[in-house]
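Biologist: I am new to this structure and would like to learn how to read it. Please go through it feature by feature.

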Amino acid sequence: MTEGVVFDIQHFCVDDGPGIRTTVFLKGCQLRCAWCHNPEGLLPQPQLFYAASSCTSCQACASVCPGGCHQFVDGHHTVDFSSCTLCGACVDACPNEALRVSGRRMTPQDVLVEVLRDMTFFETSGGGVTLSGGEPLLQVDFACAIARGAKEKGLHVSVETSGHCAEEALRRISKYVDLFLFDFKLASSERHKQLTGVGNEKILNNLALLNSLGKPVILRCPIIPGCNDHEEHYLSIASLANQTPCIREIHLEPYHPFGIGKYASLGMKARYDWREIATSQCVKEAAEFIRSHTNTEVQIT
Ligand code: SF4
Ligand code: SF4
């Protein structure tokens with residue numbers, strides 16, 4: 001049976017589609033957005049995660065690690081992530097839960113068993129399951145199997161996507177999906193490439209595909225200070241919504257830097273130390289500006 005790698009399953013979510021939802025986060029993404037606050041979703045494979053704030057330097061991890069990955073100098077703990085084979089010995093040995101493996105291999109059936117525990121909440125709220133990431137469509141067989149299984153149980157199914165995926169993947173999963181949460185970050189492909197690592201042509205083509213398939217879309221627009229918090233960008237959001245009838249709502253997502261510490265916990269480097277928060281005033285003004293240029297509903301999430 002198809003297996004996938006999941007780095008989180010969150011219950012009782014209310015921002016990822018209608019009603020109360022269970023959101024499944026699939027690992028792996030081809031974009032490298034400068035502002036990404038979810039680095040656990042970037043690499044496709046499981047990774048060691050070290051939470052320095054929970055560590056008491058007891059050195060139990062060092063005593064069991066076969067690769068010498070845990071070093072202590074003057075009581076200061078450093079982790080050599082590059083030598084880690086993910087054997088899990090240190091995770092089991094740590095008395096403070098400062099270590100864990102981010103990402104677990106699961107079958108679609110494993111995921112569905114966990115999701116369906118929330119059936120009562122789905123039934124009473126009109127909710128369901130949301131596949132997120134990372135980019136869930138990079139694991140298309142796995143994502144399709146979860147979506148199909150959820151549909152067979154009568155659940156509402158949403159997929160949150162960057163749109164940077166194979167057209168075929170989108171076509172395949174769309175038959176099981178009620179709603180797409182589709183990112184729109186920057187209108188200029190050149191700027192998109194500078195700040196996310198890829199141009200936006202494929203993304204816009206895939207949005208057009210969903211439009212031609214008549215699939216409802218919520219356009220998700222991160223508002224990033226110093227990057228896209230200006231009227232030219234807001235106008236491009238309104239214009240895209242006006243030209244694309246499948247876009248039912250526009251959701252503005254104010255940037256916050258709260259996930260930036262996770263890069264160090266995974267032995268990764270953030271592309272930028274982007275600390276500025278999108279203020280509520282800035283995002284309210286953005287919403288008002290966009291509303292004045294489109295009839296599509298605009299929400300701040
Ligand atoms: S999971 Fe990695 S760091 Fe931990 S004991 Fe195994 S090899 Fe060492
Ligand atoms: S076992 Fe846990 S608490 Fe002890 S030094 Fe290692 S990470 Fe820190």
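Modeller: Start with one residue: Ser-57 is found in the loop between β3 and α1 (60-64). Helices (H or I, at least four residues) and strands (E, at least two) are DSSP runs, numbered from the N terminus. This is a predicted model, in which local features need pLDDT of at least 70 and side-chain atom pairs count only at pLDDT 80 or more, while totals for chains, interfaces and linings use all residues. Residues are numbered from 1 along each chain as its sequence is written, and chains are lettered from A and ligands numbered from 1 in the order in which they are written.

Biologist: How far apart are Ser-57 and Cys-94 in sequence and in space?

Modeller: They are separated by 37 residues in sequence and by 10.0 Å from C-alpha to C-alpha.

Biologist: Which residues come nearest to ligand 2?

Modeller: A residue is near a molecule if its C-beta atom, placed from the backbone, lies within 6 Å of it. Ligand 2 has 14 residues around it, and Cys-55, Cys-58, Ala-60, Cys-61 and Cys-94 come nearest. For ligand 1 there are 13, with Cys-65, Cys-69, Cys-84, Cys-87 and Cys-90 nearest.

Biologist: Which way do the residues of strand β3 point?

Modeller: In a regular strand the side chains alternate between the two faces of the sheet. In β3 (residues 47-50), Gln-47 and Phe-49 point one way, Leu-48 and Tyr-50 point the other way, and all are buried. Two strands pair if DSSP finds at least two bridges between them. Four bridges join β3 to β6 (residues 99-102), and the two run antiparallel.

Biologist: What is the strand order in the open sheet of nine strands?

Modeller: The order is β7-β1-β2-β8-β9-β10-β11-β12-β13, with mixed pairing. At the edges are β7 (104-106) and β13 (297-300), each pairing on one side only. Three bridges join β1 (residues 4-13) to β7 in antiparallel fashion, and Gly-4 has Met-106 as its bridge partner in β7.

Biologist: Is strand β8 largely enclosed or exposed?

Modeller: Six of the six residues of β8 (residues 128-133) are buried, so this strand is largely enclosed by the rest of the structure. Six bridges join β2 (residues 21-26) to β8, running parallel, with Thr-22 partnered by Val-129. Four bridges join β8 to β9 (residues 156-161), also parallel.

Biologist: How is the chain divided into domains?

Modeller: Domain bounds come from an automatic or database domain assignment. Domain 1 takes in 4-44 + 103-262 + 271-300, and domain 2 is 47-102. Their C-alpha centres lie 33 Å apart.

Conventions: A residue is buried if 20 or more other C-beta atoms lie within 10 Å of its own, exposed if 12 or fewer, and partly exposed in between; C-beta atoms are placed from the backbone.
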